[in-house]
4 protein chains.
Amino acid sequence: MGISYEQADKALKAAIAKAQDLDLKMNIAIVDAGANLTAFARMDGAWLGSVDIAIRKARTARFFDMPTGDLGQASQPGGPLYNIEHSNGGLITFPGGIPIKNGAGEIIGAIGVSGSTVENDHTVAEAGLKALT
Amino acid sequence: MGISYEQADKALKAAIAKAQDLDLKMNIAIVDAGANLTAFARMDGAWLGSVDIAIRKARTARFFDMPTGDLGQASQPGGPLYNIEHSNGGLITFPGGIPIKNGAGEIIGAIGVSGSTVENDHTVAEAGLKALT
Amino acid sequence: MGISYEQADKALKAAIAKAQDLDLKMNIAIVDAGANLTAFARMDGAWLGSVDIAIRKARTARFFDMPTGDLGQASQPGGPLYNIEHSNGGLITFPGGIPIKNGAGEIIGAIGVSGSTVENDHTVAEAGLKALT
Amino acid sequence: MGISYEQADKALKAAIAKAQDLDLKMNIAIVDAGANLTAFARMDGAWLGSVDIAIRKARTARFFDMPTGDLGQASQPGGPLYNIEHSNGGLITFPGGIPIKNGAGEIIGAIGVSGSTVENDHTVAEAGLKALT
């Protein structure tokens, strides 16, 4: 369904290379169009708690077909999707998860990155995406 | 992996002594470098609901290699890690959990304390840490 | 409720001493009369998967006020309590969990041991009990 | 803790190569010494339900430092560890999970494979191990 393992591994390796450039230790997860885990890497010394977060970011991005940070804008107190994080066994709605599209603009999966600031997480996720374009 | 039981028990007993000095009833948990429970004590009369919180604080501190209160600063509404508590089966991000380092500065585990104000929880956790230095 | 931390720690240390005599690496949990975790120790190198099992054995023994192995007799296929393990978030019904009684014969908690054969687990649990008589 | 990502990816790729030789579609997971996910791959078309099983097999193998199939021998009805699967949030005890050791014989992680018969799962897991010797 959607992304192939070959593509997923390519995105994973590009994200790792970007993290190494930035001297960061990241957990990186790729899910397919069905939001199922397809590829995962924990760089040596990356936060243990970020294994789960990277996977949840990738799933969240595919669940709603938008970057996780966008969902987080709407899930704040008073927001329209307040505490949506309680659904689906637990969502992560801060930046670091991004849908992956094919050349036709169809969503074929998502990438989730966790291990640093949310800005760095997002940057590394984008590097993974870029490898597939 | 990391802290030994002998060390963990020493930290536990030092935390208990501090709690007794302050006339507090605490739950105290120590996890190892893999975030696995290594030692635990519930002082007589300590809150039942704090058993789970003490363990989660210790795990959270090791998951992200920082005091739990630091993480809680970033997980507030509008903060960069809003609702990170939904990951890893449930995090606790208020003070009372602190990573434990060895002489070389490597993290070998973490301590989590729960049963009083978060300030007291943190103070008792620090007393546990101090016993290992 | 029931066992004090002082008693629980005494039982824990006696169980550890017995495990050392037998050259075993055990996880040992003590719960109180309310089946709440009161004391826990993981000996260096004990199985990681036995942390959870030791706690479940102690809880199971107090949940039904009998040694876990007795319950396991009845939970076999065709038995009267077939698959009772599905209750209470997951029970463990093989030997290694034993209720703890006071001098008056009242149950004040339970001990659970995991890390070796079920026979050794039960032997080490009994050594913990014996320290309180 | 234990296996590096480089080693884990090497084992992953060797397992994939073996699966391709046998014309199988597998999910393959590697955990570190702390039983934390370190690398994962789902080959195109592999069973969706095997994502979780591959991860649980790897974790189970490290939790008890033995091949999952060995544990399954003891967890049968009437066996000493009947229904141990209810612990640790759910174990998988049929073949396909194997601990990974370093040259000194120390366990540094585990591999779990799911997607075919348990014999094939085990064979592919062994191919992953072999890449590290």
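I began with chain C, where strand β1 (residues 27-32) and strand β2 (residues 37-42) run antiparallel and are joined by 5 bridges. Helices (H or I, at least four residues) and strands (E, at least two) are DSSP runs, numbered from the N terminus. Two strands pair if DSSP finds at least two bridges between them. In this pair I found C:Asn27 opposite C:Arg42 of β2(C).

I noted that this is a predicted model, in which local features need pLDDT of at least 70, side-chain atom pairs count only at pLDDT 80 or more, and totals for chains, interfaces and linings use all residues. Residues are numbered from 1 along each chain as its sequence is written, chains are lettered from A and ligands numbered from 1 in the order in which they are written, and side-chain values use heavy atoms, with hydrogens and water left out.

**Sheet of chains B and C**

I traced an open sheet of 8 strands with antiparallel pairing, in the order β3(B)-β4(B)-β1(B)-β2(B)-β2(C)-β1(C)-β4(C)-β3(C). The edges are β3 (97-101) of chain B and β3 (97-101) of chain C; each has a single partner strand, so one side of each lacks a neighbour in the sheet. Neighbouring strands are turned by 20° against each other on average, direction ignored. Axes are lines fitted to C-alpha atoms, for helices over the stretch in contact, and angles run from 0 to 180 degrees between N-to-C directions.

I then looked at a helix on this sheet: α4 (residues 118-130) of chain B touches β3 and β4 (107-114) of chain B, and its direction makes about 145° with that of β4(B). Contact means heavy atoms within 4.5 Å.

**Chains D and A**

I turned to the interface of chain D with chain A, where 20 residues of chain D are in contact with 20 residues of chain A. The buried area (accessible area, 1.4 Å probe, lost on putting the two parts together, summed over both) is about 1,500 Å², and carbon and sulfur atoms give 53% of it. On the chain D side, D:Tyr5, D:Leu37 and D:Arg42 lose the most area, together 39% of what that side buries.

I looked up the salt bridges (a side-chain nitrogen of Lys or Arg within 4 Å of a carboxyl oxygen of Asp or Glu) and found 4 between chain D and chain A. A:Lys13 forms one with D:Asp9, the closest N and O atoms being 3.3 Å apart. Elements giving two or more residues to the chain D side are α1 (5-21), β2 (37-42) and α2 (50-64) of chain D. The largest share, 6 residues, comes from β2(D).

Last, I checked the strands: β2 (residues 37-42) of chain A and β2(D) run antiparallel, joined by 3 bridges. A:Phe40 has D:Phe40 as its bridge partner.
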